[in-house]
Amino acid sequence: MDTQLQGRVAMVSGASKGIGRAILAALVQRCEALNYRQLIAVIGDSANAPSIGLHASLGFVRAGTLRSTGYKFGRWVDTVLMQRPLGAGDGTPP
């Protein structure tokens with residue numbers, strides 16, 4: 001039985017405020033309704049404060065940082081891993 005998912009919400013610069021939050025919140029709700037236990041976010045740049053903040057505001061916590069995993073726009077970027085328990089999380093067996 002799968003108990004975890006990785007979700008992705010990609011927004012373009014200048015998108016309407018609140019759309020990313022609405023999509024991610026709906027994703028969290030849907031995953032809980034399907035009885036998944038963990039949702040993992042992989043954020044492709046540790047300098048992406050808006051994305052990290054959005055995830056944190058919806059209950060994600062930083063699980064780790066992978067240093068210099070990509071090279072983008074002339075600089076090395078880190079990958080941030082964030083995790084959010086769903087439903088009972090790891091409090092009960094699947």
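Modeller: Helices (H or I, at least four residues) and strands (E, at least two) are DSSP runs, numbered from the N terminus. This is a predicted model, where local features need pLDDT of at least 70, side-chain atom pairs count only at pLDDT 80 or more, and totals for chains, interfaces and linings use all residues. Residues are numbered from 1 along each chain as its sequence is written, and side-chain values use heavy atoms, with hydrogens and water left out.

Biologist: Where does Ala47 lie?

Modeller: Ala47 lies in the loop between strand 2 (38-43) and helix 2 (49-57).

Biologist: Is Ala47 buried or exposed?

Modeller: Ala47 counts as exposed, at 57% relative accessibility. Buried means under 20% relative accessible area, exposed over 50%, and partly exposed in between (1.4 Å probe, protein chains only).

Biologist: New topic. How many salt bridges are there in the whole structure?

Modeller: The search finds three. A salt bridge is a side-chain nitrogen of Lys or Arg within 4 Å of a carboxyl oxygen of Asp or Glu.

Biologist: Which residue pairs with Glu32?

Modeller: Arg84 does, at 3.4 Å from N to O. Glu32 lies in helix 1 (residues 19-33) and Arg84 in strand 4 (residues 75-85), so the pair ties together parts 52 residues apart in sequence.

Biologist: And Arg75, which partner does that side chain meet?

Modeller: Asp45, in a salt bridge of 2.4 Å, N to O. Asp45 is in the loop between strand 2 and helix 2, and Arg75 is in strand 4. Asp45 is buried at 12%, while Arg75 is partly exposed at 38%.

Biologist: What about Arg67?

Modeller: Arg67 forms a salt bridge with Asp78, with the closest N and O atoms 2.8 Å apart. Arg67 is exposed at 61%, but Asp78 is buried at 11%.
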